[in-house]
Amino acid sequence: MNIRDIKVFICSPGRNFVTVKITTDSGIYGLGDATLNGREMAVVTYLEECVAPCLIGRSAHDIEDIWQYLYRGVYWRKGAVNMAAIAAIDMALWDIKGKAAGLPVYQLLGGRSRRAVTLYGHASGSTIDETLDHCAALVAEGYSAVRLQSAVAGLPATYGVLGDKKDYFELQGSRPLPPEEPWSTKKYFNGVVELFRRARERFGPELNLLHDVHSRLTPIESARLGKLLEPYDLLFLEDASIAENQQSYELIRQHTTTPLAIGETYNTLWDCKELIQNQWIDYIRMAATHAGGITALRRVADFAAIYNVKIAPHGAPDLSPICVAAHMHLNSWAPNFGIQEYVGAGSDACQQIFTNGVTVGNGMASPSEAPGLGVEFDEQAAAQHPYKRSYLPVSRLEDGTLWHW
Ligand code: EZ4
Ligand code: CO
């Protein structure tokens, strides 16, 4: 079963997605997600020019060797563009292997460790009340875990709550260049503690609550926030600080028992080796699409398990339904699965292009029982929604200093 053809599609059903389709000479094909938000065309070019020509004619069963060939073999290791390309090829090859074996991918990984995958939804709002009302709606849908984000009083826009747009992750079509958002740690602090105090008051102790700081605090500020939030018992505090110096998390850890999560921008295990090994974090949030696919994430999960760190894969809307499916297969298998971020099935157009995939209900999800990943991709429907250039926002302090977004 040799690789006959590799095609790269880019479509924009409300936001951009890069999809890889590998076809074999047996007729079996596989799909992978290579979406890198705001840098989509770099991955498309890399796949078409640098990756696809080297794989034509190779056995589609050689997932491991192809992974090593694209990682070690290129000399230029790591990197978001490179790893997204490897990820898409890897997912497509697992999809193919599953179809050839007649088994869903989670069975190839070792079978189920749980009945279903627990999800957490997003509740955001421009006031604390609005955020808590959104949370109540998710609880009514059956969610047992919700991420809360509320606008910072005195700032025109905040991560998770984007000014004039309905949702911060929508295509930035009206903004030809990266939108800019101001940030003030001081203004943020009071509001965020009040948000969680009010959430516990309204929802009681049972509901699992989460929060994404989006890397805007320094390590000592993160330590302080973790301490202030301890009474409200978060499931985890996400991306409190950047961990380019992984040891920063030792400082945060020494000060707070609020569980810590990080990793959605990481491309390899090396980005979080010390974080995991030293048990400075509780959840590793790497995504199959940005960290080298199923092959790589499986290794991360096994490494993390040794140190009591659970996987909680990134589940933002800029990961395509193919990545969501890959995550559900990994989450069903991983003995150390924690929780999966989930923001819905996407726009109507998105649901027409990517079909089947995962089953969601009552705040839980299951992978498809179909062989492979279980997602279908409608090429004609995708062609109706061409690529639109769009950038992620940038963040600046009130004096104009560029800050982490
Ligand atoms: O900002 O996926 O937890 N989710 C997040 C996301 C990220 C986007 C970046 O492309 O932090 O919303
Ligand atoms: Co995040």
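Aspartate 65 is partly exposed, at 43% relative accessibility (buried means under 20% relative accessible area, exposed over 50%, partly exposed in between, with a 1.4 Å probe and protein chains only). The side chain of aspartate 65 meets that of arginine 58 in a salt bridge, 2.6 Å from N to O (a salt bridge is a side-chain nitrogen of Lys or Arg within 4 Å of a carboxyl oxygen of Asp or Glu). Arginine 58 counts as buried, at 18% relative accessibility. The model is predicted: local features need pLDDT of at least 70 and side-chain atom pairs count only at pLDDT 80 or more, while totals for chains, interfaces and linings use all residues. Residues are numbered from 1 along each chain as its sequence is written, chains are lettered from A and ligands numbered from 1 in the order in which they are written, and side-chain values use heavy atoms, with hydrogens and water left out.

The structure holds 19 salt bridges. Salt bridges with shared partners join Arg147, Asp212, Glu238, Glu264, Arg285 and Glu341 into one network. Lysine 7 and aspartate 5 meet through their side chains in a salt bridge of 3.1 Å, N to O. Lysine 7 is partly exposed, with a relative accessible area of 43%, and aspartate 5 is partly exposed at 27%. Another salt bridge is that of lysine 21 with glutamate 379, whose closest N and O atoms are 2.7 Å apart. Lysine 21 lies in strand β2 (residues 17–24) and glutamate 379 in helix α13 (residues 379–383), so this pair ties together parts that are 358 residues apart in sequence. Helices (H or I, at least four residues) and strands (E, at least two) are DSSP runs, numbered from the N terminus. Lysine 21 is buried, with a relative accessible area of 17%, whereas glutamate 379 is partly exposed at 27%.

Arginine 200 is placed in helix α6 (residues 185–203). Arginine 200 is buried yet has no salt bridge, and the nearest side chain of opposite charge, aspartate 233, is 4.4 Å away (Lys and Arg count as positive and Asp and Glu as negative; His and the chain ends are not counted). A polar atom of the arginine 200 side chain lies 2.8 Å from the backbone oxygen of leucine 207. The backbone oxygen of tyrosine 232 likewise lies 2.8 Å from a polar atom of the arginine 200 side chain. With residues up to four places away in sequence not counted, arginine 200 touches Pro205, Glu206, Leu207, Leu209, Tyr232 and Asp233 (contact means heavy atoms within 4.5 Å).

In helix α8 (residues 248–255), the buried residues are Ser248, Tyr249 and Ile252. Viewed down the axis of α8, the buried residues fall within an arc of 90°, so they line one face of the helix (the arc is that of the directions from the helix axis to the C-beta atoms). The cover over the buried residues of α8 includes α7 (219–229), β9 (260–262) and α9 (273–277).

The structure holds ten aromatic pairs (rings of Phe, Tyr and Trp, the last by its six-membered ring, pair if their centres lie within 6.5 Å; planes under 30 degrees apart count as stacked, over 60 as edge-to-face and the rest as tilted). Tyrosine 188 and phenylalanine 189 form an edge-to-face pair, with 6.1 Å centre to centre and 75° between the planes. Both tyrosine 188 and phenylalanine 189 are buried. Ring pairs also link Phe9, Phe17, Phe354 and Phe377 into a cluster.

Technical notes:
A polar contact is a pair of N or O atoms within 3.5 Å; within protein, one must be able to donate a hydrogen and the other to accept it, and residues adjacent in sequence count only if both atoms are side-chain atoms.
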